[in-house]
Amino acid sequence: MGMSVDHKAHRGLRATPVIPGRMIAILRSSIADEIAKTKSYDVPGLCTRLGLAPGTGDEAHQSKARYASRRLAELPPPRLVEIARALLEEAENFDLEEQVGKIDDLSAPEVTEITRGRLMTLFDATPLATQQEEIDLIRKIWPISQMPAAVEPQWGQVATLEDDIFQHTIRNHDWSGKELLEKLGLPTCSTARLFRFLALTVAPVMRTPSEQAELAAEINAILVHDGYGLTVVARRSGSAIYEVQPLAPASPADDAISAALVAFNPTDVHPRWQAALESRETNPQRAITLARTLLEDVSKWILTQSGEAFDDGADLPVLYKKLAKTLNLAPDDHTEQLFKQILSGCQSVVTGLGALRNKLGDAHSIGPIRARPLPRHAELAVNLAGTMATFLIATWEARRAPAS
């Protein structure tokens, strides 16, 4: 059997959702099938241990599956889920594990069919692994040696999905990456299995560090639309360990900044902001670079609209200094100490974002000893850039508005 999901982590953390009748029937049948694998004389003891009604060995000897089914028939869905989890702590069962996983999916944000399709297309052009054989990765996620063949075997032959994969991806190469994942059931498998698969494709044993980062970024560009992302949770021998985790929901401030940037420039400036938001947790280096670029975008757009000439290759602090003069935001243009202090702070924020991008962004090589930014650093940079951008836009719009 394949490696089991950590069902203990789920217990007590999720309220059991309303489960469709068809899923309940399949779950009940899967539980009965797992109990039936036990020797007849052990079935009564196992059922009692699971909290089911006691019975006799003779009854179990007549039909183990019927013995279990009778005791499961009237149990409510939450109790069936508890029993399934208890069984999975004692034995690996791919079908039962998938049923529990799909029930868990009912109470979590969906990974849509569209997203799964995009992920499969990604692996059409990208190998599942570069440091190990792809089939070795697959075996860690799916029990392919015990799964039925995807292709109808010839008469008299007993074939498994593992046989098919050898035939069509190793002996011959007539299955694309997308076809392989379809045969494995990626379009419909539980989210837990999907996430384990994605995390393994970017594991240190499967890819070089540079390949890990590149693939993680490509996967995150797809997952982000469903509210998930591969996040570095640890390091081993200098390489990142990733897990798929839910992304933090957008804050009211994010929404307000988005609205202002859409109104200002929906085709160039707002997409930059959106990309920065989406990268905060999954790719902090990228988010920091995008935060600085966002301010460059806004500065250049306002300078252009105001008719001011500027050097297109100028650094952000130079652009901002020119823009501050245009918008009357230069500290030296004011005598009131409070205004001078606030506007000096704005200037420091812009200068700091430029420096942060040079130190922690992805515009330059990080080198062997440079610090690596964490999501909280990226969130600070993006939030500061978004706030400054909306302040500059509001100031520009106020200055060009006709006097009432």
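Residues are numbered from 1 along each chain as its sequence is written. In this predicted model, local features need pLDDT of at least 70, side-chain atom pairs count only at pLDDT 80 or more, totals for chains, interfaces and linings use all residues, and side-chain values use heavy atoms, with hydrogens and water left out.

**Stop 1: helix H14**

Select residues 252–264, which make up helix H14. Helices here are DSSP runs of H or I with at least four residues, numbered from the N terminus. H14 has 13 residues and reaches 19 Å from its first C-alpha to its last, close to the 18 Å expected. The expected span is 1.5 Å times one less than the number of residues.

Now colour Asp-254, Ile-257, Ser-258, Leu-261 and Phe-264, which are buried. Buried means under 20% relative accessible area, exposed over 50%, and partly exposed in between, using a 1.4 Å probe and protein chains only. Look down the axis of H14: its buried residues fall within an arc of 125°, so they line one face of the helix. The arc is taken from the directions from the helix axis to the C-beta atoms. On the face turned away from the buried side are the exposed residues Pro-252 and Ala-263.

What covers the buried residues of H14? The cover includes helix H15 (269–279), helix H16 (284–305) and helix H19 (375–400).

**Stop 2: aromatic rings**

Next, select Trp-142 and Phe-197, which form an aromatic pair. Rings of Phe, Tyr and Trp (its six-membered ring) pair if their centres lie within 6.5 Å; planes under 30 degrees apart count as stacked, over 60 as edge-to-face and the rest as tilted. This pair is tilted, with 5.7 Å centre to centre and 55° between the planes. Trp-142 lies in the loop between helix H9 (134–141) and helix H10 (161–171), and Phe-197 in helix H12 (residues 191–201), so the pair ties together parts that are 55 residues apart in sequence. Trp-142 is buried at a relative accessible area of 1%, and Phe-197 is buried at 0%. The structure holds 3 aromatic pairs.

**Stop 3: Glu-98**

Go to Glu-98 in helix H7 (residues 94–105). Is Glu-98 buried or exposed? Glu-98 is buried, with a relative accessible area of 7%. Leaving aside neighbours within four places in sequence, Glu-98 is in contact with Cys-189, Ser-190 and Arg-193, where contact means heavy atoms within 4.5 Å.

**Stop 4: salt bridges**

A salt bridge is a side-chain nitrogen of Lys or Arg within 4 Å of a carboxyl oxygen of Asp or Glu. By this rule the count comes to 15.

Select Asp-104 and Arg-85, which form a salt bridge with the closest N and O atoms 2.7 Å apart. Asp-104 lies in helix H7 and Arg-85 in helix H6, so the pair ties together parts that are 19 residues apart in sequence. Asp-104 counts as buried at 5% relative accessibility, and Arg-85 counts as buried at 9%.

Finish at Arg-71, whose side chain meets that of Glu-59 in a salt bridge (3.1 Å, N to O). Salt bridges that share partners join Glu-59, Arg-70 and Arg-71 into one network.

Technical notes: Helices (H or I, at least four residues) and strands (E, at least two) are DSSP runs, numbered from the N terminus.
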